[in-house]
Amino acid sequence: MGWIAEHVESIKSMKIRDTLSQLITLGMIVSTALIIWKALMCLTGSESPVVVVLSGSMEPGFKRGDILFLHMSEAPFRAGEIVVYNVEGKQIPIVHRVIEVHEQENSGKVDILTKGDANDWNDRSLYAYGQNWLKPQQIMGRAVGFVPYAGWVTIIMTEKPIIKYILVGALGLLVITSKD
Amino acid sequence: MHSFGYRANAVLTFALTILALMCAIASFSDNFNFPSPSAEIQIVGFNGFKKKPHGNDEVSLTMNITADLQSLFTWNTKQLFIFVAAEYETPQNSLNQVSLWDAIILAKEHAKFWIQTKNKYRFVDQGSNLRGKDFNLTLHWHVMPKTGKMFADKLVMSGFRIPEEHSL
């Protein structure tokens with residue numbers, strides 16, 4: 001294709017200073033993205049301010065591929081809140097609703113039980129072996145808002161990594177060979 | 001500057017920005033809705049109250065739930081998730097919330113309803129503290145939008161009491 005030949009031509013005719021300036025621009029773009037992500041982490045108080053819904057256990061409210069915005073506060077967890085939590089030993093966080101809370105004021109012990117809206121059974125079978133209740137420390141944040149379908153990009157890139165490489169490669173090529 | 005790549009990039013960025021803006025405005029419009037929901041729960045009867053082998057009390061009951069939640073729906077509402085939770089205090093735990101029943105309402109027409117139902121989920125205490133216990137039944141609703149911020153609220157109905165004696 002003439003498009004590729006054009007880009008190879010432009011790579012050959014570049015000078016050192018231009019190359020360096022392109023690299024710095026690339027670095028700036030990446031750093032800006034990182035700064036925005038970290039700032040979001042501070043604002044929302046959560047380690048992971050944006051998560052993608054991976055399973056259909058909260059349908060029809062949240063479908064696979066939706067993006068959830070999380071917020072974490074010191075306020076105690078109450079029944080009905082949609083929380084995102086990690087099970088010890090498992091990597092993928094789970095987004096389900098709190099259905100039971102048992103709180104002891106004196107010792108500060110709180111036991112939480114969760115269940116996905118579309119599941120018939122509560123989450124006990126998902127918790128770690130021998131664990132019957134969820135602890136507040138395992139919860140990463142509460143879901144406060146969401147955007148539908150926007151997370152499909154992440155799902156596709158995670159499940160078919162080849163697409164991730166193609167995309168990053170093409171973007172890198174575009175940035176390096178742009179005539180700015 | 002006018003190659004296909006640049007044009008595609010510009011169109012895509014513009015499209016995404018506009019979509020994000022539309023989602024934000026749609027969500028913001030939900031703030032202009034001032035709902036006036038109403039609900040009532042009556043306990044028809046207690047079907048069983050037993051002490052399980054591990055020492056935890058379990059209650060089984062039938063209730064009548066009447067509600068009019070139509071005013072909670074806006075054009076940006078995808079569904080209404082409602083549930084009834086029993087709240088009570090015991091010497092062991094200062095707060096207990098146990099969800100007894102829930103439902104998903106997908107359309108405004110279905111938001112005005114009457115239902116008689118047994119508790120969907122088991123009402124089990126952490127321990128054996130339920131005899132003669134006073135408890136509240138709270139109807140919670142969670143407005144899940146088509147896009148944007150979720151709203152939640154509740155209506156507390158108090159004055160319910162568990163029977164004094166265990167029954168088979």
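B:Met157 lies in strand 9 (residues 151-161) of chain B. Helices (H or I, at least four residues) and strands (E, at least two) are DSSP runs, numbered from the N terminus. This is a predicted model, in which local features need pLDDT of at least 70, side-chain atom pairs count only at pLDDT 80 or more, and totals for chains, interfaces and linings use all residues. Residues are numbered from 1 along each chain as its sequence is written, chains are lettered from A and ligands numbered from 1 in the order in which they are written, and side-chain values use heavy atoms, leaving out hydrogens and water.

B:Met157 has 12% relative accessibility and counts as buried. Buried means under 20% relative accessible area, exposed over 50%, and partly exposed in between (1.4 Å probe, protein chains only). Beyond its neighbours within four places in sequence, B:Met157 is in contact with B:Ala39, B:Glu40, B:Ile41, B:Asn136, B:Leu137 and B:Leu139. Contact means heavy atoms within 4.5 Å. B:Leu139 is 18 residues away along the chain, with 7.9 Å between the two C-alpha atoms.

## Two histidines

B:His142 sits in strand 7 (residues 134-145) of chain B. Its relative accessible area is 6%, so B:His142 is buried. Its side chain makes a polar contact of 2.7 Å with that of A:Arg97. A polar contact is a pair of N or O atoms within 3.5 Å; within protein, one must be able to donate a hydrogen and the other to accept it, and residues adjacent in sequence count only if both atoms are side-chain atoms. Leaving aside neighbours within four places in sequence, the contacts of B:His142 include A:Gly80, A:Ile82 and A:Arg97 from chain A, and B:Phe81, B:Met150 and B:Phe151 from chain B.

A:His96 belongs to strand 4 of chain A. A:His96 is buried, at 2% relative accessibility. A polar contact of 2.8 Å links its side chain to that of A:Ser57. Not counting residues up to four places away in sequence, A:His96 also touches A:Glu81, A:Tyr85, A:Thr114, A:Lys115 and A:Asp123, among others. A:Thr114 is 18 residues away in sequence, yet 6.1 Å away in space, C-alpha to C-alpha.

## Loop residues

B:Lys52 is in the loop between strand 1 (38-51) and strand 2 (57-68) of chain B. B:Thr62 is 10 residues from B:Lys52 in sequence and 20 Å from it in space, C-alpha to C-alpha.

A:Tyr149 occupies the loop between strand 6 (139-147) and helix 3 (152-159) of chain A. A:Tyr149 is not a glycine, but its phi is positive, about 65°.

A:Pro60 is in the loop between strand 1 (50-52) and strand 2 (67-71) of chain A. The peptide bond that joins A:Glu59 and A:Pro60 is cis, with omega about -5°.

The accessibilities of two of these loop residues follow.

| Residue | Relative accessible area | Class |
|---|---|---|
| B:Lys52 | 24% | partly exposed |
| A:Tyr149 | 61% | exposed |

## Annotated spans

UniProt positions are given in the numbering used here, feature names are shortened, and annotations may be inferred rather than shown by experiment. In an unreviewed entry, UniProt annotates residues 20-40 of chain A as "transmembrane region". In the model, residues 20-40 of chain A are 100% helix and 0% strand, with end C-alpha atoms 30 Å apart. The unreviewed UniProt entry also lists "domain: Peptidase S24/S26A/S26B/S26C" for residues 37-100 of chain A. Residues 37-100 of chain A are 12% helix and 30% strand, and the end C-alpha atoms lie 33 Å apart.

## The second largest pocket

The second largest pocket has a volume of about 630 Å³. A pocket is an open set of points on a 1 Å grid over the protein atoms alone, where a 1.4 Å probe fits, with protein on both sides within 12 Å along at least five of seven lines; lining residues have an atom within 4 Å of a point. Grid points are joined across faces, edges and corners, and a volume is the space filled by probe spheres set on the points.

Strand 4 of chain B gives the largest share of the lining of the second largest pocket, three residues.
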